[in-house]
Amino acid sequence: PKQQETLSEEELDEFLTSLPKEKGWRTPNLFLFQGFWCQPKEIRAIISIQNHFIAQDTDVILATIPKSGTTWLKALTFAIVNRNNFNVHHNHPLLTHNPHELVPFLEYKLYADSNRLPDLSLLPSPRIVATHVPFGALPDSIKTSNCKIIYICRNPFDTFVSIWHYLCKIRPESLGPLPIEEAFDLYCRGVTGYGPYWDHMLSYWRETAPNKVLFLKYEEMKVDTCNQLKILGEFLGFPFTEEEEKGVIEDISNLCSFQNMKDLEVNKKGKGAISVFENRDLFRKGEIGDWMNYFTPSMFERLSNVMDEKLEGSGITF
Ligand code: A3P
């Protein structure tokens with residue numbers, strides 16, 4: 001597509017006809033765009049981001065595949081970076097806002113409106129923004145500037161269960177049900193939003209050596225939150241002092257914990273933090289190992305084989 005503000009409806013439709021397509025999870029189709037599977041509206045937004053977003057060295061980019069812990073990572077990063085501005089017990093924005101309102105997505109929020117580009121000067125400094133695209137599809141200025149990228153990775157077994165639940169909730173009735181067997185087949189073939197997941201995680205994993213990317217794991221974050229927060233604070237350039245290590249880290253960990261966030265009024269009743277959906281659907285179980293309640297032995301074998309093949313020798317383990 002040509003370099004312009006955004007593609008028109010007709011231009012997008014025409015471009016889509018040139019792309020391989022598969023059945024979608026919450027839209028009729030997913031399209032293979034720049035090597036990953038994506039929905040039409042997001043393709044348009046991503047082209048716009050690639051053409052227009054200029055990163056600043058102080059930017060923080062949160063990168064995830066859907067359902068791998070994005071909401072949590074947004075909350076934690078916001079809380080760490082802004083810890084001197086708010087009191088976690090009284091006036092903290094996370095007590096009254098869903099994390100997606102405080103840390104916007106590039107493709108679902110800032111560049112989602114095909115009629116106008118965002119006014120990024122409205123974002124507080126340092127700018128914290130999120131994206132689901134794989135590393136290769138980030139705008140060049142993110143790759144070449146000194147901005148920081150945090151990636152959170154989650155066991156693909158649990159991520160599948162989480163995606164399936166979430167997308168069944170928000171999938172329009174007109175598309176009919178998406179049985180778990182069918183969803184699982186798509187997932188194992190890599191056909192999931194921004195997937196294949198293994199390619200997605202590898203794309204960021206490769207950038208950890210030059211220290212461009214901090215690669216976190218949902219599971220480690222869950223069992224060892226305080227230590228992981230220390231690592232996160234250090235990488236962000238907001239290291240915790242010895243004094244803070246005594247209480248502030250734990251305060252942030254508690255503020256952002258699954259149960260605390262799930263029970264907040266804004267997350268029980270609120271709507272629209274991401275698109276038109278209910279905030280409560282973003283908080284389901286928040287556990288490690290829920291896949292065991294859904295996987296048959298043959299599902300276990302199939303996904304294990306795919307992961308062994310795709311991640312072999314990479315150093316990523318679950
Ligand atoms: P489950 O469906 O397994 O419960 P994302 O934020 O990327 O959409 O990921 C959603 C997953 O993260 C869901 O997993 C959700 O329950 C879990 N989650 C949301 N907030 C969390 C938090 N504060 N701590 C831990 N997990 C959280």
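Visitor: Which residue in E5 is the bridge partner of valine 60?

Guide: This is a predicted model, in which local features need pLDDT of at least 70 and side-chain atom pairs count only at pLDDT 80 or more, while totals for chains, interfaces and linings use all residues. Residues are numbered from 1 along each chain as its sequence is written. Strand E4 (residues 60-63) and E5 run parallel and are joined by four bridges, where strands (E, at least two residues) and helices (H or I, at least four) are DSSP runs numbered from the N terminus, and two strands pair if DSSP finds at least two bridges between them. In E5, the partner of valine 60 is isoleucine 128.

Visitor: And which residue stands opposite valine 60 in E6?

Guide: E4 is also joined to E6, again by four bridges and with the two strands running parallel. In E6, the residue opposite valine 60 is lysine 148.

Visitor: How many of the residues of strand E6 (residues 148-153) are buried?

Guide: A residue is buried if 20 or more other C-beta atoms, placed from the backbone, lie within 10 Å of its own, exposed if 12 or fewer do, and partly exposed in between. In a regular strand the side chains alternate between the two faces of the sheet. In E6, Lys148, Ile150 and Ile152 point one way, whereas Ile149, Tyr151 and Cys153 point the other way, and all are buried. The strand is therefore mostly covered, by the 20-atom cut-off, and the number of its residues that are buried is six of six.

Visitor: What is the bridge partner of isoleucine 149 in E7?

Guide: E6 and strand E7 (residues 213-217) run parallel and are joined by five bridges. In E7, the partner of isoleucine 149 is valine 213.

Visitor: Is threonine 192 buried or exposed?

Guide: Threonine 192 lies in the loop between helix H8 (180-188) and helix H9 (197-205). Leaving out residues up to four places away in sequence, it touches Trp25, Trp37, Ile163, Leu186, Tyr187 and Tyr197, where contact means that the C-beta atoms, placed from the backbone, lie within 7 Å. Because threonine 192 has 28 C-beta neighbours inside 10 Å, it counts as buried.

Visitor: Is asparagine 211 buried or exposed?

Guide: Asparagine 211 lies in the loop between H9 and E7, and its phi is near 65°, a positive value in a residue other than glycine. Because it has 9 C-beta neighbours inside 10 Å, asparagine 211 counts as exposed.

Visitor: Which residue is joined to proline 196 by a cis peptide bond?

Guide: Proline 196 lies in the loop between H8 and H9. The cis bond has an omega of about 5°, and the residue that it joins to proline 196 is glycine 195.

Methods. Contact = placed C-beta atoms within 7 Å.
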